[in-house]
Amino acid sequence: MELRRPPVHLTIALVCLLFVSGSANPPPPYDVIELIPTPATRLHGSSVLRMQRGAPFKIAIFADLHFGEAAWTDWGPAQDANSVRVMSDILDAEKPDFVVYLGDLVTANNVPVANASSYWGQATSPARQRGIPWASVFGNHDDMPFEWPIEWFSGPGIPEVRCPDETNSSCSGEVHYSCSFKGTQRLVLMKNEVEQNAPLSRSKFGPKELWPSISNYVLQLSSPDDPKSPVLFMYFLDSGGGSYPEVISRAQAKWFERKSREINPESKVPEIIFWHIPSKAYKEVAPWFGIRKPCVGSINKESVAAQEAEFGIMDMLAKRPSVKAIFVGHNHGLDWCCPYEKLWLCYARHTGYGGYGNWARGARMVEVTGEQDFSLKSWIRMEDGKVHSEVVLSS
Ligand SMILES: [Zn+2]
């Protein structure tokens with residue numbers, strides 16, 4: 001394990017002090033280094049959210065919205081309108097303080113336009129219209145090239161290219177300017193989200209050394225009394241997919257290790273983690289058939305579709321005492337939470353009308369309470385208003 005180094009002058013001063021005090025066999029300098037408490041680095045600006053005094057902090061997780069699916073049909077835009085309705089109803093019923101868009105906001109492989117940000121913007125519109133801040137991570141469908149539907153080649157054999165755009169005009173014949181089949185890269189999508197939605201969007205491009213994996217960042221939830229006093233850290237990681245392999249790399253794991261040591265060196269402040277594609281540990285804890293205790297949930301309709309490969313992030317999180325839960329989407333037919341070692345592995349709930357599966361739509365809610373008596377609770381709110389699968393994640 002790499003040791004965190006204190007400032008050189010402090011080390012020298014302490015080593016000198018030990019010699020002057022007459023110790024015949026002073027301990028080696030690395031022992032001295034271990035004894036020096038490392039002050040936590042502070043997060044600031046748009047990375048900090050604040051709890052309201054006397055109230056819990058509530059997060060709505062919207063997963064797998066898949067805007068732009070079958071964008072060239074009447075059905076596709078109608079599904080997008082349904083997804084907006086689901087999110088709006090849930091936001092109005094729960095009145096959360098924050099929204100997490102947990103990947104697959106758009107079905108980019110169905111979107112033949114130069115910039116899929118207009119669909120991304122539709123997906124975030126319910127939070128934006130209500131002035132609720134949010135953060136987003138990428139799923140495997142957000143950044144993908146267009147896939148030509150095979151039915152376009154039936155009949156005369158030459159597809160009529162119909163590109164949806166703001167004016168809804170056809171781009172067959174001479175009008176090709178609005179069509180693009182390359183997909184919109186993660187960086188462009190995220191830059192557009194951040195630049196067009198400050199200060200509501202708290203999403204970040206993440207450190208450059210991790211690109212093209214983009215949505216890697218951390219937000220701090222602060223005490224109502226002191227913005228410098230963290231109650232919770234929320235980590236967002238890009239689990240890849242689309243134009244990039246479905247992995248969380250060793251570089252991302254190292255970034256998490258370094259960042260968490262900087263801002264939460266003693267692992268005292270609770271931490272929760274969001275990414276899109278489940279890790280293999282989800283397979284280990286997945287319920288067989290029905291969902292029984294200690295797992296909590298309502299649908300278990302498919303097998304876990306895990307990341308292609310893993311490079312250490314799960315070991316790191318499982319060993320770190322402050323990590324309470326991981327939240328993923330990706331599997332639309334799963335909505336359970338199960339314990340894994342000393343943390344919880346949770347699915348969100350399929351929120352969008354886009355994407356496979358007709359299970360009723362809903363959203364996982366997460367509620368953070370108190371500084372002294374920290375608690376983390378979760379439940380699922382359905383579009384018809386029903387609430388189920390309540391679970392305490394902090395015990
Ligand atoms: Zn999906």
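pLDDT is the predictor's confidence in each residue, on a scale from 0 to 100. The structure described here is a predicted model, and its chain averages a pLDDT of 88, with 85% of the residues scoring at least 70. The chain contains nine helices and 15 strands. Of its 395 residues, 43% count as buried.

**Confidence and overall contacts**

- Residues 1-35 have a pLDDT below 50, and this stretch has 19 contacts in the model beyond near neighbours in sequence.
- Residues 166-177 also have a pLDDT below 50, with 11 contacts in the model beyond near neighbours in sequence.
- Among contacts in the chain with a separation of 6 or more, 72% are between residues 24 or more positions apart.

**The six-stranded sheet**

- Six strands form an open sheet in the order S4-S3-S2-S13-S14-S15, and the pairing is mixed.
- The edges are strand S4 (134-136) and strand S15 (387-392), each of which pairs on one side only.
- On average, neighbouring strands of this sheet are turned by 20 degrees against each other, direction ignored.
- Helix H3 (residues 75-94) packs on the sheet, where it touches strand S2 (57-62), strand S13 (362-369) and S14. The direction of H3 makes about 170 degrees with that of S2.
- S2 is mostly covered, as five of its six residues are buried.
- S2 and S13 run antiparallel and are joined by five bridges; Phe57 stands opposite Val368 in S13.
- S2 and strand S3 (residues 98-101) run parallel and are joined by four bridges; Ile61 stands opposite Val100 in S3.
- S14 and S15 run antiparallel, with four bridges between them; the bridge partner of Ile380 in S15 is His388.

**Arg381, a buried arginine in the sheet**

- Arg381 is located in strand S14 (residues 375-382).
- Arg381 has 23 other C-beta atoms within 10 Å and is therefore buried, since the cut-off for a buried residue is 20 or more.
- Leaving aside residues up to four places away in sequence, Arg381 touches Ile90, Ala93, Glu94, Gly362, Ala363, Met365 and Val387.
- The C-alpha atoms of Arg381 and Arg349 are 8.9 Å apart in space, while the two residues are 32 residues apart in sequence.

- An α-helix has 3.6 residues a turn, so residues three or four places apart point the same way.
- Helix H6 (residues 186-197) has 12 residues, which should span 16 Å at 1.5 Å a residue; its end C-alpha atoms are 16 Å apart, in agreement with that value.
- The buried residues of H6 are Arg186, Leu189, Met190 and Glu193. They cover an arc of only 90 degrees around the axis, so they are on the same side of H6.
- The elements covering the buried residues of H6 include helix H4 (117-123) and S4.
- Helix H7 (residues 250-263) has 14 residues and reaches 20 Å from its first C-alpha to its last, close to the 20 Å expected at 1.5 Å a residue.
- In H7 the buried residues are Gln252, Trp255, Phe256 and Ser260. Their arc around the axis is only 120 degrees, which puts them on the same side of H7.
- The cover over the buried residues of H7 includes strand S6 (230-236), strand S7 (247-248), strand S8 (271-274) and helix H9 (313-319).

**Backbone features in loops**

- The peptide bond from Ala198 to Pro199 is cis, with omega near 0 degrees. Pro199 belongs to the loop between H6 and strand S5 (217-222).
- Lys293 and Pro294 are also joined by a cis peptide bond, with omega about 10 degrees. Pro294 is in the loop between helix H8 (281-285) and strand S9 (309-310).
- Phe289 lies in the loop between H8 and S9. Its phi is near 55 degrees, a positive value in a residue other than glycine. With 6 other C-beta atoms within 10 Å, Phe289 is exposed, because the cut-off for an exposed residue is 12 or fewer.
- Ala70 is found in the loop between S2 and H3. The phi of Ala70 is near 45 degrees, a positive value in a residue other than glycine. Ala70 is partly exposed, with 18 other C-beta atoms within 10 Å.

Key. Residues are numbered from 1 along each chain as its sequence is written. This is a predicted model: local features need pLDDT of at least 70, side-chain atom pairs count only at pLDDT 80 or more; totals for chains, interfaces and linings use all residues. Helices (H or I, at least four residues) and strands (E, at least two) are DSSP runs, numbered from the N terminus. Two residues are in contact if their C-beta atoms, placed from the backbone, lie within 7 Å. The expected span of a helix is 1.5 Å times one less than its number of residues. The arc is that of the directions from the helix axis to the C-beta atoms. Two strands pair if DSSP finds at least two bridges between them. Axes are lines fitted to C-alpha atoms, for helices over the stretch in contact, and angles run from 0 to 180 degrees between N-to-C directions.
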